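This report describes a two-part reading of the model shown here, moving from overall composition to selected local features. Please consult the sequence and the coordinates alongside the text.

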Amino acid sequence: MNVKPTGQQLSDFTSDDERLASILSELADRHQRGEQIRIGEYCQQYPDLAVELRRLWATAMITQAVGVDQESSEAAPSSKQRITRFELPFDFGDFRLEQELGRGGMGIVYRAKQLSLDREVAVKMILKGQFADEFERKRFRSEAEAAAKISHPNIVNITEVGELQGHDYFCMAYIRGGTLADRLNQGPMTSRESARIVADIARAIAVAHQAGITHRDLKPSNILIGTSGTPYVADFGLAKKHTQSIPDSGSHSVVGTPAYMAPEQVSREKMESGPLSDIYSLGAMLYHMLTGRSPFQAASPIELMMMVLNEDPVPVRVLNRNVDRDMEMIVMRCLQKPTDLRYQSADELADDLNAYLLGEPIRARDGRFSQVIANLFRETHHASVLVSWGLLWMWHSLILLMACIFTNVLQWQQVENRWTYWIIWSFGFGTWAVVFWWLRRRMGPVTFVERQIAHTWAGSMAAIILLFPLEWILGLPVLSLSPVLALVSAQTFIVKAGILSGQFYVHAALLLVTAFFMALFPHVGLTLFGVVVSACFFVTGLKYHWLRLKMDVKEELARDERASI
Amino acid sequence: MWPEQFKTQELLDQARQGQETAVNYLMDRHRNALKRMIQMRLDRKIQQRVDVSDIVQDVLIEANRRLKSYLEEGTMPFHLWLRHIARDRIIDAHRRHRASAKRSVDREYSLAVPSGQDHSSIHLAAQLGDHELTPAAAALRKELAVHVENALTKLDESDCEVIVMRHYEQLTNQEVASALGLTEPAASMRYLRAIRRLRVILGEDTNGGES
């Protein structure tokens, strides 16, 4: 690229500003073409302009970043969304809009009269620009229509979905009263009242789940409380679209409220959110009703999200002494982070709440011990790093096995030279460690957790290598300390169990036992160790490698699907 | 922001040969960029009354009408030509609505994002959306965007225009010159001036000005 001279030629007969303008424009053009700009080189070339050039270029780059971000967001940002407020009363097709009831992320709700049927209804006008395109809009409609088919006394029925005068709207039964959120603003509720309300909601949700519809955005502001105290679930099936395709940055979608959102909805990593996410949200609402606050509170949504993922909520009874233990158990059962520890259906939750109301034994108490055990052996959220290690661990197991058997064979051959063994175990494994790490790095950035694990491995290697000089100093025959290998390996597995997944406790226990057998049968000790430790690595490696393959296939399918739209 | 020009050229050639589908496709693929371009320039108050999509539609209809003469004698790149039509439409809209806007816009108002916990999710959605960025980085960028856009509103119109053209629409200096009817050196001078002023405003915003 022979572009730089332009500025040079100019420098002879034009003013500084003209030179600066020409350089800046040229830089911006080149940057737009995707060229790498090294501003330092330009500054060296035009030392008299360097200070200002550097400063202006930084400004241009910041603006560029913002401009590009802006472009990647599909629709206008939420703050710029507009909706016309109708002068009330306003005739809107068959409806006469009479009073504004509320507004939310999607639009405004009006109390209205349906003229043809002469009845009171609520009409929700969807915000313009809510849908990126016709496709999304159709999907929204079909989902709202599906939701309209569920009929339950505790669900706000959608009676009509349509479009009129360029506005999407839907019409639903009008409920006199307020939302649960309004009620909660006045403080916590009694255990019995909360149990009754959530039991009713849970029954309604169960019916919807059986129809294959998940709410995905249960929160106090979506629960209406009628004047007689009957709860109604609103906005059914309407949140679905949002969770299915979370739009690009800067967009306006309401994904659900983090305060009541299940961890799997927050992380979007491993599992799809489904009916069990609704169970979590029900639990979060129950928690709020009992304590007067949502399970997690934080200064920013991001912190809130981290808490939802990693922390346990403050026990209900710490915040409200009057709540009894059974009730607390029910709430905590709903708020379990792993989905399989929650109630497995909304009906189960409703049954337990009814049992509580009748003073009968509740089921949430069952399996408390098994839950503790299950928790211990569960994968932590760091376990995902294992996915990139699957294949490597399988190779690692092979190399371990070979090294152990080879050493054992040398032992049988009566090789007594300590150096031979030492070289195999230090240089052999040192080289492999370097290769291993290099292979891992080639696959992508190394996370902090992986670094921690690499450290425990390095520590165990150092310990193993030092066994040889110790044997020498103590005057022991070579390899007589080999059972310690198993102890050291067991220890690294215990560390891994804490960081990654409880299943490694099993491996650790196995290795600890192996140490004794190695001491009892020194002749085959190393082979025994090799088989056990490599099996530990191989089985885990295979499991996660397989998981990775599955994920890759899934991703590809998703990509194809996107491409075909 | 504007669609890739190589393909546009191809479609224009096909349009010259009378292919109706090429014309439709050509118009369609400029729709989003046009919409953005108009959104960024149309007065907020007027945007409450007029749907930007309607203006886009008008522009495309007008373009369709004039396409024949453009294909025969047009010298300007296609997207700049569309921008040109859009500019006229924006000026029209401003002229038509400004008077009436004064009178009745008061009765309408923007749907401000309500505060409270339920709505922090709006913010969260934005942060979750970008797969490339960590949430913290996304938050930072959002904040940056707010800063820059605030600063842009403080610039006078012609400075703002050139910044938007260069960094939001990603037009080259040559294209800016052509769209504004300036020589290239004059366009680059205008860009320099705009960036300088932006720098000053941003500097005041963040650290109270730099010497």
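**Basis and composition**

The model is predicted: local features need pLDDT of at least 70, side-chain atom pairs count only at pLDDT 80 or more, and totals for chains, interfaces and linings use all residues. Residues are numbered from 1 along each chain as its sequence is written, while chains are lettered from A and ligands numbered from 1 in the order in which they are written.

Helices (H or I, at least four residues) and strands (E, at least two) are DSSP runs, numbered from the N terminus. A residue is buried if 20 or more other C-beta atoms lie within 10 Å of its own, exposed if 12 or fewer, and partly exposed in between, with C-beta atoms placed from the backbone. Two residues are in contact if their C-beta atoms, placed from the backbone, lie within 7 Å. The table sets out the two chains in these terms.

| Chain | Residues | Buried residues |
|---|---|---|
| Chain A | 565 residues | 37% |
| Chain B | 211 residues | 34% |

Chain A has 21 helices and nine strands, whereas chain B has eleven helices and zero strands. Among contacts between residues at least 6 apart in sequence, 65% in chain A join residues at least 24 apart; the corresponding share in chain B is 61%.

**Confidence in chain A**

The predictor's confidence in each residue, pLDDT, runs from 0 to 100. Its average over chain A is 79, and 80% of the residues score at least 70. Over residues 1–12 of chain A pLDDT stays under 50, and the model has twelve contacts there beyond four places in sequence. Residues 239–256 of chain A also stay under 50, with 69 such contacts beyond four places in sequence.

**A sheet in chain A**

Strands pair if DSSP finds at least two bridges between them. In chain A, three strands form an open, antiparallel sheet in the order 7-8-9. Strand 7 (177–179) and strand 9 (231–233) of chain A each have a single partner strand and stand at the edges, so one side of each lacks a neighbour in the sheet. From one strand to the next, the twist averages 25 degrees. Three bridges join strand 7 to strand 8 (residues 223–226) of chain A, and A:Thr179 stands opposite A:Leu224 in strand 8.

Axes are lines fitted to C-alpha atoms, for helices over the stretch in contact, and angles run from 0 to 180 degrees between N-to-C directions. Helix 7 (residues 191–210) of chain A lies across strand 8 and strand 9, running at about 35 degrees to strand 9.

Helix 16 (residues 390–412) of chain A has 23 residues and reaches 33 Å from its first C-alpha to its last, close to the 33 Å expected at 1.5 Å a residue; the expected span is 1.5 Å times one less than the number of residues. Its buried residues include A:Trp393, A:Leu400, A:Cys404 and A:Gln411. Just after helix 16, A:Gln414 takes a positive phi of about 65 degrees.

In chain B, B:His97 belongs to helix 6 (residues 78–104). B:His97 is partly exposed because 19 other C-beta atoms lie within 10 Å. Not counting residues up to four places away in sequence, B:His97 touches B:Ile46, B:Arg49 and B:Val50.

**Nonpolar cores**

A nonpolar core is a set of buried Ala, Val, Leu, Ile, Met, Phe, Trp, Tyr and Cys residues joined through C-beta atoms within 7 Å. The largest has 73 residues, and those with the most contacts inside it are A:Val198, A:Ala202, A:Leu282 and A:Cys334. A second, separate core of 55 residues includes B:Leu34, B:Ala151, B:Val176 and B:Tyr191.
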